[in-house]
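Morning, everyone. Please have the sequence and the model open while I talk.

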Amino acid sequence: MTPVLTHGAADAPPAARRPLGVLAQRVENGLGLAVDAVAGSLVLVEIFVLLAGVIARYVFQKPLVWSDELASLLFLWLSMLGAVVALRRGEHMRMTGLVSRVGPRAQALLETLALTVPLAFLAMVLWPAFEYASEEMPVVSPAMEISNGWRATAIPVGLGLMAIMALLRLARLHEGRRIAVAVGITAALTALLWFAGPSLVPLGKLNLVIFFVVLVAACVFGGVPIAFSFALATFAYLGLTTRTPLLVMVGRLDEGMSHLILLAVPLFIFLGALIEMTGMARAMIQFLASLLGHVRGGLSYVLVGAMYLVSGISGSKVADMAAIAPVLFPEMKARGAKPGDLVALLSATGAQTETIPPSIVLITIGSVTGVSIAALFSGGLLPAVVVGAFLCTVVWWRYRKEDLSQVRRFTKGQITRFFVVALPAILLPFVIRAAVVEGVATATEVSTIGIAYSVIVGIFIHRQFDIKRLPGMLVETASLTGAIIFIVGCATAMAWGLTQSGFSQDLAAWMQSMPGGAAGFMLVSILAFVVLGSVLEGIPAIVLFGPLLFPIAKAVGIHEVHYAMVVIFAMGIGLFSPPFGVGYYGACAISKIHPDEGLPHIGGYILALLAGLAVVAAVPWISTGFLK
Amino acid sequence: AEFSLKYGNNLPLTHPLNVRAQEAADRIAKESKGRVEIKIFPNNQLGGDTDMLAQVRSGGLDFFTPSALVIATLVPVAAINAVGFAFGDYNQVWTAMDGKVGAHVRAAIGKMRLYAFEKMWDNGFRQMTSSRGPIATAKDMDGLKIRVPVSPLSVSMFKGLGASPAGLQFSEVYSALQTKIVDAQENPLPIIQVAKLFEVQKNCSLSNHIWDGFWFIANGRMWDSLPADLKTIVAGAINDAGMKQREDIKKLNETVQADLSSKGLQFNKTSPDSFRAKLREAGFYGEWKGRFGDEAWGLLESAVGKLA
Ligand code: NA
Ligand code: NA
């Protein structure tokens with residue numbers, strides 16, 4: 001199984017032999033090595049900064065006020081440089097389902113366009129990015145009291161390096177004539193949009209459809225990396241149809257990429273790699289396989305259960321998935337599971353576990369709508385079980401004919417021995433959960449405790465710790481982080497573009513006018529939040545629509561906790577469904593499985609999610625039965 | 001509209017600030033005969049505080065209401081109203097902020113290509129809640145792990161009081177209090193109510209330790225481009241709305257306190273004396289006199305009496 005997230009199956013091999021290609025290769029190697037080294041070190045530094053924060057607060061009872069701010073500053077650098085690493089390695093996520101179905105010449109051209117289109121965006125955004133960074137210079141950060149320029153500079157530097165890498169890649173992998181054609185097409189399209197701009201302004205909110213549906217879809221299906229598709233559409237919309245200064249978009253990238261909770265993503269990815277390297281993963285899988293291996297689809301049930309267990313920890317779904325996939329997937333693949341089915345199930349469990357406390361989405365709903373957070377916390381547990389049961393039904397159906405004749409059955413003694421070996425690994429999720437519940441660490445910090453635990457187990461118990469693999473693991477982590485967080489940043493910018501148009505009030509008014517009372521309103525809400533979750537992500541959608549819709553729900557007689565659960569699942573289904581849902585691409589990136597592979601498999605799971613959602617929507621008791 | 005303007009803030013739609021701002025927007029639309037339209041984006045819809053500050057500077061937003069501590073990242077002297085235990089009551093607050101202290105800060109804001117409207121809006125006195133028991137005097141602060149919004153002024157104040165301030169994100173506060181990552185937090189009462197912190201805290205001490213308000217600011221270039229007659233209409237409506245919002249917050253504080261006690265939060269009163277003495281002893285006032293400069297500090301002391 002080779003990683004399929006490459007930037008082009010049709011990359012022309014002969015380019016490397018051309019003189020320009022050879023030169024490009026050399027420059028790329030040198031620069032790439034430097035960026036890799038810095039990005040990889042940043043991962044390591046982040047671990048120590050957060051761990052220092054936990055130890056200072058929990059052990060010495062003297063919290064460090066600056067640790068979060070430093071971590072967030074370094075995180076922006078890590079994500080931007082990680083996005084550069086990902087670009088060099090061709091690891092930015094993209095849909096190639098359509099691209100791979102056209103003829104070889106058209107395909108080669110689309111592959112080249114997948115580099116020239118991002119290049120056009122990078123070239124145009126570079127100046128606003130410099131402007132943004134220089135505007136941030138006089139702002140003084142609150143904890144360390146240093147210039148905000150130290151963090152904001154990461155954006156122009158990262159975007160600039162991405163542009164250089166894209167150019168080098170173009171020179172190295174593609175032939176001259178095709179580059180000329182691709183550049184010509186890109187320039188022509190840019191010019192077309194530019195000149196059409198003034199006549200688009202009077203179209204008003206119709207522009208939202210033109211840019212955020214038509215243009216995004218054209219880019220995504222044309223094989224342009226997802227992040228750049230979002231970014232380009234947003235940039236074009238803001239630049240052509242509004243009077244917004246474009247550095248605002250850079251500011252949105254900054255904020256979207258530096259939410260501290262997202263820092264859990266690289267740390268859990270690294271933790272996953274560590275668990276694998278120390279042999280803890282193998283021990284755990286061996287035990288689970290000996291226990292459940294003779295059950296059809298056994299490890300898929302383990303996946304669903306594991307997501308339920310960890311999802312309460314970080315509040316960030318991508319981080320939850322990062323805690324699971326690297327541990328389970330290699331073994332599941334070795335046992336013949338289809339990678340596409342795995343990533344589809346992972347993505348589906350992402351949506352299924354959104355209501356499990358303590359979730360940031362629940363806290364957000366509580367604070368923007370006035371519903372008790374404690375009630376939301378107790379209301380969310382059972383709905384996730386119900387929807388999970390529907391997912392398990394699909395697993396059962398899909399694996400009901402799985403050939404288990406090759407699977408060895410183990411004796412009780414063997415299973416016990418496996419259990420003892422796997423014990424440190426099995427304890428890990430409980431250690432992490434306990435650290436959160438007992439107030440040792442916050443959701444962001446807790447992964448560092450897992451990392452420290454795994455290092456100790458690896459060195460002293462499993463006696464398996466290959467220090468030579470560390471640099472590779474760190475760079476790998478940085479690259480994945482860059483690919484994921486850059487999409488989150490671009491989606492944040494896109495959400496700003498939608499929000500500032502003021503379309504949310506219109507939509508709420510339209511939803512209220514629906515016939516059918518409570519049931520009709522519930523149905524419209526489900527449809528609306530599936531779409532919103534898909535284009536806005538969970539939290540922005542809640543913040544926008546929660547205050548508008550929860551009062552309506554209450555007025556038509558729907559319990560607010562019940563409505564919250566329905567809305568969260570609907571949003572989750574949108575968020576984790578291709579082609580627009582960022583969550584789906586997050587699942588793919590973390591599992592290192594190409595987005596195309598999951599497509600044929602995810603339909604069944606989405607149907608299961610919808611069926612589960614229908615039950616949760618129809619039976620209020622599931623959400624409200626346990627409320628005091 | 002000839003001028004279609006965007007106003008962003010970080011409070012829920014139902015907060016008096018948004019209610020009054022909407023009234024102002026309606027009045028402006030009417031008095032300007034539709035020439036000026038102001039659209040409100042509440043609840044951080046367009047970004048967090050730091051990002052909205054950047055947006056209003058660049059013109060992505062036209063209006064923004066940062067609290068004093070937020071705008072202080074750009075205009076340090078703006079933090080002066082948040083000096084610990086400076087104000088005894090609202091009389092002193094408005095004497096200072098509608099008088100020379102406010103004028104001094106507005107001038108400093110003006111130097112950053114921003115325009116600050118004359119009347120500051122109220123965010124309220126900040127109060128402390130704790131799961132460790134009531135805080136009556138400075139002694140009760142010893143070793144208290146308290147979440148504070150990170151700013152040099154509040155961190156230095158809580159350290160001066162002997163507490164251990166921690167700078168968690170606001171979104172993590174609820175669960176951090178629940179799991180006892182921190183013992184305490186401090187906020188104005190309406191925020192304690194909205195964020196449901198009474199579900200995870202036992203005591204609330206009416207310490208009034210910091211008074212904070214919102215500066216209603218506008219992008220400088222946009223403001224300069226408005227014709228004089230429209231400037232008068234906009235400023236008149238916004239300042240009037242600010243005055244009404246101050247009354248709202250005063251009433252709100254009373255009803256919120258009653259509501260929070262009915263939900264089980266136990267209130268206790270405190271006197272500022274032991275806190276001020278402790279801060280003086282720790283050199284807090286001396287340090288901040290130096291950082292704000294003699295002129296600004298003098299204006300503050302002329303309104304509230306000697307601190308340092
Ligand atoms: Na969760
Ligand atoms: Na999305």
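Start with Gln185(B), which lies in strand β8 of chain B. Helices (H or I, at least four residues) and strands (E, at least two) are DSSP runs, numbered from the N terminus. A word on the ground rules: this is a predicted model, where local features need pLDDT of at least 70, side-chain atom pairs count only at pLDDT 80 or more, and totals for chains, interfaces and linings use all residues. Residues are numbered from 1 along each chain as its sequence is written, chains are lettered from A and ligands numbered from 1 in the order in which they are written, and side-chain values use heavy atoms, leaving out hydrogens and water.

Is Gln185(B) buried or exposed? Buried, with a relative accessible area of 0%. Buried means under 20% relative accessible area, exposed over 50%, partly exposed in between, with a 1.4 Å probe and protein chains only. The side chain of Gln185(B) makes a polar contact with the side chain of Asn187(B), at 2.8 Å. A polar contact is a pair of N or O atoms within 3.5 Å; within protein, one must be able to donate a hydrogen and the other to accept it, and residues adjacent in sequence count only if both atoms are side-chain atoms. Leaving aside residues up to four places away in sequence, Gln185(B) touches, among others, Met128(B), Ile146(B), Val173(B) and Leu197(B). Contact means heavy atoms within 4.5 Å.

Now the strand around it. In a regular strand the side chains alternate between the two faces of the sheet. β8(B), residues 184–187, is covered on both faces. Ala184(B) and Glu186(B) are buried on one side, Gln185(B) and Asn187(B) on the other.

Which strands pair with β8(B)? β5(B) does, in the antiparallel sense over 4 bridges. Two strands pair if DSSP finds at least two bridges between them. Here Thr129(B) stands opposite Gln185(B). β6(B), residues 145–147, pairs with β8(B) in the parallel sense over 2 bridges. On that side, the bridge partner of Gln185(B) is Arg147(B).

Next, helix α4(B), residues 90–97. Its buried residues are Tyr90(B), Val93(B), Trp94(B), Ala96(B) and Met97(B). The buried residues pack against α5, β5, β9, α10 and α13 of chain B. At the start of α4(B), a side-chain oxygen of Asp89(B) reaches to within 3.1 Å of the backbone nitrogen of Asn91(B).

On to the open sheet in chain B. It has 5 strands, in the order β2-β1-β3-β10-β4, with mixed pairing. β2(B) and β4(B) stand at the edges, each with a single partner strand, so one side of each is left without a neighbour in the sheet. β4(B) is joined to β10(B) by 3 bridges, and the two run antiparallel. Tyr115(B) stands opposite Ala218(B) there.

Last, a residue that meets the other chain. Glu172(B) lies in helix α7(B), residues 170–178. At 10% relative accessibility, Glu172(B) counts as buried. Not counting residues up to four places away in sequence, Glu172(B) touches Thr442(A), Ala443(A) and Thr444(A).
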